Amino acid sequence: MNKIEKLQNFLRPQEAVLIFSEPVRYYFTGYLTDSGVLAVTKNKAVFYTDFRYIEEAKAKIKDCEALKSNNFYSQINEFLKSLNITKAYTEPGRTTISQFSALRKALDKKIVLSKDKRVEAFINSLRAVKSEEEQRNIIKAQKLTDETFEYIIDKIVPGKTEKEIMLDMEFYIRKLGSEGVSFDFIVVSGKNTSLPHGKPTDKKIEKGDFVTMDFGAVVNGLRSDMTRTVAVGYASEEMKTVYETVLKAQTAALDILKPGLKCNVADKAARDIIEKAGYAGCFGHALGHSLGYEIHESPTLSPKCTDILKPGNAVTVEPGIYIENKFGVRIEDTVFITENGITDITKSPKELIIL
């Protein structure tokens, strides 16, 4: 059963779902474009796109009909009316106000446009469990990520700027075969490592700096994500202590991950170690997140998330300690939840590397 058929089985008669968001369209059709709408009912599915993409869409989309559109909204209305649809769902968390307003204006008065999250929640549950093919593509993406780390550590020397390192990494990962970058690479050094999502700057790397690199590849639309922190020249005792604390926290979380575990329990396992080591307040983000066609998907390994982990979930485990205006450390692996535990697909070394 393909992905569209799973969604159709969930829908009730006379119901439809209209998917505007790019990554979710990609998930269901296997075709990436910045213009299109996927309309799915119990018995039929149609992908509308414009003249620029219709030829390619017809060639690549196998599980539904691809049609050229000059006006998405009027054609959607005619499609739904022809099938006697009385209720249409959107994705409340993704559909823009302008898209929703245009739909409401275009749809026949007999068709109720719902903001209910029932169908969106089901789609999220489908996307959360990766198929074997999706897992293979994430593994391939992670392999390119590991190879890029192995390449770049020899290039991190005093005098190079954060931007130079980032650009070198991006060029290399694309050269290896990545379709693009999983997200804008983070490469920060020295005091900038205390910024969890710091952007690469013209700051030159110096001896005694930590350098944190957060990056990933894309293979067939699926993304990888990894963070490694290395030291240049030497590391102070405080730097070593913080690094070992983060590594210990990550190991504690990895050791308990398994199907049936609540996401917030995993977060707590890592957070408790960091706080007991005296760094309360220095770990301000979640332990991890799911990933796939997007770099941040559900569920999340966060203090507030009570979702239960399932086999097929792909999650990152990335504790960190960030000491304001001083330095920070983050270590991140991507793992699959399996029937019996986890498979860690990240192969880059995690012991403190001093270059």
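Start at Gly30, which sits just after helix H2 and takes a positive phi of about 75°. Helices here (H or I, at least four residues) and strands (E, at least two) are DSSP runs, numbered from the N terminus. A word on ground rules: this is a predicted model, where local features need pLDDT of at least 70, side-chain atom pairs count only at pLDDT 80 or more, and totals for chains, interfaces and linings use all residues. Residues are numbered from 1 along each chain as its sequence is written, and side-chain values use heavy atoms, with hydrogens and water left out.

**Stop 1: helix H2**

Now step back and select residues 22-29, which make up H2. Why is H2 described as largely enclosed by the rest of the structure? Because seven of its eight residues are buried (under 20% relative accessible area; exposed is over 50%, partly exposed in between, with a 1.4 Å probe and protein chains only). Colour in Pro23, Val24, Arg25, Tyr26, Tyr27, Phe28 and Thr29 to see the buried ones.

**Stop 2: H2 against H6**

For side chains, show Pro23, Val24, Tyr27 and Phe28 from H2, which meet Ile123, Leu126 and Arg127 from H6 (contact means heavy atoms within 4.5 Å). Sorted by class, this contact has six nonpolar, no polar and one charged residues; Ala, Val, Leu, Ile, Met, Phe, Trp, Tyr, Cys and Pro count as nonpolar, Asp, Glu, Lys and Arg as charged, and the others, Gly among them, as polar.

**Stop 3: Glu297**

Stay with Arg127 and look for Glu297, which touches Arg127 as well as Lys130, Ser290, Leu291 and Gly292, leaving aside residues up to four places away in sequence. Glu297 lies in strand E13, residues 297-301, and counts as buried because its relative accessibility is 9%. Its side chain joins that of Lys130 through a polar contact of 2.8 Å (a pair of N or O atoms within 3.5 Å; within protein, one must be able to donate a hydrogen and the other to accept it, and residues adjacent in sequence count only if both atoms are side-chain atoms).

**Stop 4: Thr227**

Finish at Thr227 in strand E11, residues 226-231. Is Thr227 buried or exposed? Buried, at 0% relative accessibility. The Thr227 side chain makes polar contacts with the side chains of Arg330 at 3.5 Å and Glu332 at 2.6 Å.
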